Amino acid sequence: MYLYTDFDQQLINERVAQFRDQTERYLAGKLTEDEYRPLRLQNGLYVQRYAPMLRIAVPYGLMNSKQLRKVAELAQEFDRGYAHVSTRQNIQFNWPALENVPDMLQELATVQMHAIQTSGNCIRNTTTDQYAGVVAGEIADPRPTCELIRQWSTFHPEFAFLPRKFKIAVSALEEVDRAATSFHDIGVYLTRNEAGELGYKIKVGGGLGRTPIIGSMIREWLPREDLIAYLEAVLRVYNLHGRRDNKYKARIKILVKALTPAVFAEKVEAEFAETIKTLKVDADTLKKMDEEFTPFTYQDYADEDFTAQFAEHPKFKQWFNINTNAHKVAGYRIVTISLKRAGVAPGDMTTEEMNLIADLADKYTFGELRTTHEQNISLVDVPQKDLFELWQILEKNNLARAHIGFITDIICCPGGDFCSLANAKSIPISEAISRRFDDLDTIYNLGKIDLNISGCMNACGHHHVGNIGILGVDKKGAEFYQISLGGNADHDASLGDILGPSFSAEVIPDIVDEILNTYLDLRNEGEEFIETYRRVGIQPFKERAYA
């Protein structure tokens, strides 16, 4: 895990002091709202429907237990006793008082955390697979690449005021993509050439929102040492040619589409010929990045035989099979803790739960944890010998629901309950669906299904790439919901097709039920929802939903 240098710490401390002065001047009436807005956005502070929202950066989803305890402490002292995991692996506070935010940022700085570049038209938090570095099959650990990008992009003076926000994801597995890399402004894919040298493939122009687009591959091979020079070239082309007259057409995806990927790539190559002269990353820096993420000292454990415990505790068997993943080291397992519980907004953790998870990270892992794109928490280095004990604790604290990857493991934005941009509420729809499908046997029979909910076209809930996507829309002041089918954020990326006219909130669980019954009637043996949908198309689902 990357730890701050003295220079890093000084930089963050000075930013906190700077923002404290800016906030005090704003509250005293010495700065107008228009003057203060870009300053607060640079520090992760939004104005939501009822209160400010503070978004804390969690670089590529990696935290330690001390940091999570600090978040819990701030949630108790300055918020309403909980925090929220976002789809960019960050953590959000929904109810801080504006005058307390500088104090919160000062406290976060004591545990090497900040809110810089979590909002505004800049390069946002770089994301990757939440199992990075511990899952088998990686081309290489993607975290050194993420950290290199983070150090390059933080406080980059040329890219502090881009035409629009900018997001980068890094993928290191060929068989699965847990970071939705194809739907980012830049997607960085680790690869190796015939000589076995580590490098990258580069996609550009992906994104969701009002105009969802799958990214286009513009570079099939980029040497590792050339990554920053190439990213710099992409950003310079975007900064120069991206539209600033219309925020709905300002994302890089619109520019790439307008120019065509081939022409955009030509412009990047021309700029790259200049940036490579000064921005080639030296071998010592690459070595230093790798050394920040050397593997822990794992014990020599054998894989456990859980036959007896599975027979005696069927719920433990379900949890093991569904909420844990294989680790590349024998005798260990990756554990994902579900933050999707009935009566709780997806991704929310209470102060007590955060402190508990921090304690579990210290007791059963090396004191680290991961926030996930799916709004859950992972403990990725758990000895198999401790799994049953860990499950018992999670079960006792309502954190062991065995449904990761199934229909009730819902991705959901805060929606109209918090966000001033939302057209409709998201959380009550998630709650209604979760309660309708609360029987685990039913869930398992349906197989793996991604269900994503957004409260508006900004698509913070990634509804476009849900196998089933739900979008809140406004109909003459009333909240309605549009459904799409067939989205997928994996390597075989696809955008969902709109089912038809929108539905009222109260019938959404019935419509989802009918969609799932249609799938059950049409699926072949062993087919998952996305496979059946791609085989039969939307028409059978449309006919049943609107019958």
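1. Let me start with helices H5 (residues 143-153) and H9 (residues 283-291): in this predicted model, their axes come within 8 Å and cross at roughly 120°. Angles from 65 to 115 degrees would count as roughly perpendicular and those over 145 as roughly antiparallel, so H5 and H9 are oblique to each other. Their crossing is right-handed.

2. Which residues make the contact between H5 and H9? On H5 they are Pro144, Glu147, Leu148 and Gln151, and on H9 they are Thr285, Leu286, Met289 and Asp290. Sorted by class, this contact of H5 with H9 holds four nonpolar, two polar and two charged residues.

3. Now to the sheet. It is open, with five strands in the order E3-E14-E15-E12-E11 and antiparallel pairing. The edges are taken by E3 (62-64) and E11 (324-326); each has a single partner strand, so one side of each lacks a neighbour in the sheet. On average, neighbouring strands are turned by 30° against each other, direction ignored.

4. A closer look at one pair: E14 (residues 368-371) and E15 (residues 377-383) run antiparallel and are joined by two bridges. Opposite Ser378 in E15 you will find Arg370.

5. Helix H3 (residues 65-78) lies across E3 and E14, at about 85° to E3. Helix H11 (residues 314-323) lies across E11 and E12 (332-337), and it runs at about 55° to E11.

Conventions: Residues numbered from 1 in each chain as written. Predicted model: local features only at pLDDT ≥ 70, side-chain atom pairs only at ≥ 80, totals over all residues. Heavy atoms only, no water. Axes fitted to C-alpha atoms, helices over the stretch in contact; angles between N-to-C directions. Helix = DSSP H or I, 4+ residues; strand = E, 2+ residues; numbered from the N terminus. Parallel < 35°, antiparallel > 145°, perpendicular 65-115°, else oblique. Left-handed = near helix turned anticlockwise from the far one by under 90°. Contact = heavy atoms within 4.5 Å. Nonpolar A, V, L, I, M, F, W, Y, C, P; charged D, E, K, R; others polar. Pairing = 2+ DSSP bridges.
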